[in-house]
Amino acid sequence: MKDSDLQALTTDINSISLSNSTVLYKSTAPGLPLLVIDSPLCNAVLSPYGAQLLEFKPKDKAPLLWLSPKAVFEQGVPIRGGIPLCAPWFGPHPTDSQKPNHGFVRNNDWTVKSIEEFANGEVKLDFLFDTQDTEAETYDYCFQLKLSMTLGDSVKLALTVVNLGGDEMPFSWAFHTYFAINHLDATRVTGLTREEYLDQTDALTPCIQAKDITFTNEVDRVYQGIGEEQSILCDREGVTIADVKGSCCPSAIVWNPYTELAAKMKDIGPNGHLQFICVERGAVFNDSWRIKSMSSMTAELQLQS
Ligand code: TA6
């Protein structure tokens, strides 16, 4: 998206200004354009590349999201942290290992369609992605994504997927949220107890989640057909880090790379795993959507700290 288009959208909004990743994060040139929000209810940073919320902090509360200090701001590379949207597939492409992990919409520019500021202090941004505008990718299906973000003292996301093609379209997706934490060894995820999960660290072996999820080694688990609500708690600080509530998000993925994998990942690095856990919601594996020709499906997610 052109800087001039963003400028035109932001001029009338008091709470929003423009920046560039090179300025804001002291990253290397050329960087990416970013939207910076300082509203009565929150501070936030967003990237039209990937339609990705990078930072979110309700006023008088701790930052909700983790953005890697080693994140790369460059076309073709996903930004590590915040809320990347994985789609139209989750994980490796089912048949072509050359295609990017977690699909291509987090690695492409989106259009910012509108920005509104409400009297109650909330700011709402509408992003659009259309496969017909994307020269970089060839894909078997033609679709549009509409992602609306309402930022107040919580984050409200609404994703609508429109199948513009003549055939039914398979669609897997996830909001791959990186939550900021202070004490990995005292962090716990509730709301998935007694659910079956597929263990991605062990060739997708099915297991039962006996207790709340804790993090004492690499965790990479896919839960399908789950309930709407989970919570992330820190027992040492006695606080709820976040309540996660999804509608039409039948799957959850819980991920922390732990010591060894984090050290190997260039944009996380040694000890980076101590700063975040991912609790993702979406529709993956057997929960994946099938969207009829010229029809749409919508999901919503709310994150409240
Ligand atoms: O959601 C968990 C996961 O699929 C893990 O398997 C892990 O690889 C992670 O996502 C990060 O993937 P990325 O492509 O962003 O490096």
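Let us start at the ligand, which is surrounded by Arg80, Phe90, Asn101, His102, Arg106, His176, Asp220, Ile253, Trp255, Met265 and Glu280 (a residue is near a molecule or strand if one of its heavy atoms lies within 4 Å of it). This is a predicted model, in which local features need pLDDT of at least 70 and side-chain atom pairs count only at pLDDT 80 or more, while totals for chains, interfaces and linings use all residues. Residues are numbered from 1 along each chain as its sequence is written, and side-chain values use heavy atoms, with hydrogens and water left out.

By class, the shell around the ligand holds 4 nonpolar, 3 polar and 4 charged residues. Here Ala, Val, Leu, Ile, Met, Phe, Trp, Tyr, Cys and Pro count as nonpolar, Asp, Glu, Lys and Arg as charged, and the others, Gly among them, as polar. Now look at the polar contacts, each a pair of N or O atoms within 3.5 Å; within protein, one must be able to donate a hydrogen and the other to accept it, and residues adjacent in sequence count only if both atoms are side-chain atoms. The side chain of Glu280 has an N or O atom 2.7 Å from an oxygen atom of the ligand. For Arg80, a side-chain N or O atom is 2.9 Å from a ligand oxygen, and for His102 a polar side-chain atom lies 3.0 Å from an oxygen atom of the ligand. On its own the ligand has 390 Å² of accessible area, and the protein covers 83% of it (Shrake-Rupley method with a 1.4 Å probe; for residues, only the protein chains shown count as cover).

Stepping back, the protein chain has 3 helices and 22 strands. These are DSSP runs numbered from the N terminus, helices being H or I of at least four residues and strands E of at least two. The C-alpha trace spans about 50 × 50 × 35 Å along its principal axes. With 305 residues, a compact globule would have a radius of gyration near 19 Å, and the 18 Å of the protein chain agrees with that; the radius is taken over C-alpha atoms, and the globule rule is 2.2 Å times the number of residues to the power 0.38.

Next comes an open sheet of 8 strands, antiparallel in its pairing and ordered 6-7-8-9-22-18-17-13; two strands pair if DSSP finds at least two bridges between them. Its edge strands are strand 6 (111–117) and strand 13 (187–190), each pairing on one side only. Neighbouring strands are turned by 15° against each other on average, direction ignored (axes are lines fitted to C-alpha atoms, for helices over the stretch in contact, and angles run from 0 to 180 degrees between N-to-C directions).

Follow this sheet from strand 6, which pairs antiparallel with strand 7 (residues 123–130) over 6 bridges. Glu116 stands opposite Lys124 in strand 7, and in the hairpin of these strands, with 5 residues between them, Gly121 takes a positive phi near 95°. Further along, 9 bridges join strand 9 (residues 154–163) to strand 22 (residues 296–304), where Val155 has Leu303 as its bridge partner. Strand 22 also pairs with strand 18 (residues 239–247) over 5 bridges, and Asp243 faces Gln304 there.

Another open sheet has 4 strands in the order 1-2-3-4, with antiparallel pairing. Strand 1 (16–20) and strand 4 (52–58) stand at its edges with a single partner strand each, so one side of each is left without a neighbour in the sheet.
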